[in-house]
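Let's take a walk through a protein model together. Keep the 3D view open and follow along as we go from sheets to surface.

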Amino acid sequence: TVSAQLSFGFSARSMDVGLLDVDICGPSVPRMLGLLGQDVHQSSEGWSPIYVDDHLAVMSIGFMLPNQDDAIIWRGPRKNGLIKQFLTDVTWGELDALIIDTPPGTSDEHLSIVTYLQDAKIDGAIIVTTPQEVSLMDVRKEINFCRRVNLPVLGVVENMSGYCCPSCGHTERIFSPSTGGAQVMCQQMEVPFLGSVPLDGRVAAAGDKGMPLA
């Protein structure tokens with residue numbers, strides 16, 4: 001959700017942006033960008049990304065599946081090979097920003113991105129969490145992973161932060177922040193807190209329809 005809406009936002013500001021989906025086993029970016037059913041084309045120059053508009057280019061393994069419900073059962077080396085192809089064989093053109101959407105955790109996908117882009121001066125990572133401690137436990141590991149590989153942490157976004165009732169305006173913390181939520185964790189880990197995204201039906205609907213929120 002965050003990477004898709006961030007890409008839409010950059011594009012709306014006339015920035016040339018690429019969105020690379022490296023969640024190999026669960027590629028949701030094609031749906032969230034409204035690109036289901038699109039196919040990747042290959043030329044002598046490489047793979048052509050799929051364009052949402054003149055400013056937003058997208059690449060995902062989801063475009064290569066004959067059936068969107070097919071399971072991808074790959075071990076690390078095969079994942080790494082595809083990620084390398086995405087970075088070297090896709091004709092992105094001149095971009096103002098390349099956003100890379102990764103799965104949760106600190107697995108093959110993250111190591112591959114850091115390794116293959118170590119000379120590219122990556123601006124940093126934005127980490128998305130939910131408020132409850134079981135999620136924050138993983139995020140602390142991700143922050144420490146970034147520090148070990150010298151990847152700057154631009155900040156943390158708290159998703160599903162609370163549900164605001166459209167009728168009465170009351171905000172209910174569905175996922176209880178028993179240890180203070182992302183904001184407190186950011187203070188403890190000394191990383192920026194970028195803000196929160198509430199539980200809102202409009203956010204879910206935008207993702208399902210592949211539309212920007214605004």
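What follows goes through the sheets, a helix, the salt bridges, a surface patch and a few loop residues.

A word on the ground rules before we start. This is a predicted model, so local features need pLDDT of at least 70 and side-chain atom pairs count only at pLDDT 80 or more, while totals for chains, interfaces and linings use all residues. Residues are numbered from 1 along each chain as its sequence is written, and side-chain values use heavy atoms, with hydrogens and water left out.

Start with the open sheet of 4 strands, which runs in the order 4-5-1-6 with mixed pairing. Strands here, like helices, are DSSP runs numbered from the N terminus (E and at least two residues for strands, H or I and at least four residues for helices). Two strands count as paired if DSSP finds at least two bridges between them. The edges are taken by strand 4 (50-53) and strand 6 (97-101), each with a single partner strand, so one side of each is left without a neighbour in the sheet. On average, neighbouring strands of this sheet are turned by 25° against each other, direction ignored. For angles like that, axes are lines fitted to C-alpha atoms (for helices, over the stretch in contact), and the angles run from 0 to 180 degrees between N-to-C directions.

Now zoom in on strand 6. Strand 1 (residues 17-21) pairs with strand 6 in the parallel sense, over 5 bridges, and Gly18 sits opposite Leu98 of strand 6. Strand 6 has a covered face made of Ala97, Ile99 and Asp101, and an uncovered one with Leu98 and Ile100.

The other open sheet to look at has 3 strands in the order 7-8-11, and its pairing is parallel. Strand 8 and strand 11 pair in the parallel sense over 3 bridges, with Val156 opposite Phe193 in strand 11.

Stay around there for a bit of surface. Ile126, Val128, Leu154 and Leu194 make a nonpolar surface patch of about 310 Å². Patches are built from residues with over 30% relative accessible area and no salt bridge, joining like charges within 9 Å and nonpolar side chains (Val, Leu, Ile, Met, Phe, Trp, Tyr) within 5 Å. The areas come from the Shrake-Rupley method with a 1.4 Å probe, and for residues only the protein chains shown count as cover. Ile126 belongs to strand 7 (residues 125-129) and is partly exposed, at a relative accessible area of 39%. The scale is simple: under 20% relative accessible area is buried, over 50% is exposed, and in between is partly exposed (1.4 Å probe, protein chains only).

Next, look at helix 7 (residues 201-209), whose buried residues are Val203, Ala206 and Gly207. Down the axis of helix 7, these buried residues fall within an arc of 100°, so they line one face of the helix; the arc is that of the directions from the helix axis to the C-beta atoms. Turned away from the buried side, the other face carries the exposed Gly201, Arg202, Asp208 and Lys209.

What about charges? Side chains of opposite charge can pair when their charged atoms come close. The whole structure has 4 salt bridges, each being a side-chain nitrogen of Lys or Arg within 4 Å of a carboxyl oxygen of Asp or Glu. One of them joins Arg173 and Glu158 at 3.2 Å, N to O. That pair links distant parts of the chain, 15 residues apart: Arg173 is in the loop between strand 10 (171-172) and helix 6 (181-189), and Glu158 is in strand 8 (residues 153-158). Is Glu158 buried or exposed? Glu158 is buried, at 4% relative accessibility, whereas Arg173 is partly exposed at 35%. Another salt bridge has Asp200 and Arg202 with their closest N and O atoms 2.7 Å apart; Asp200 is partly exposed at 25% and Arg202 exposed at 63%.

Lys121 has a phi near 55°, a positive value in a residue other than glycine, and it is exposed, with a relative accessible area of 75%. Asn150 also has a positive phi, about 60°, although it is not a glycine, and it is exposed at 70%.
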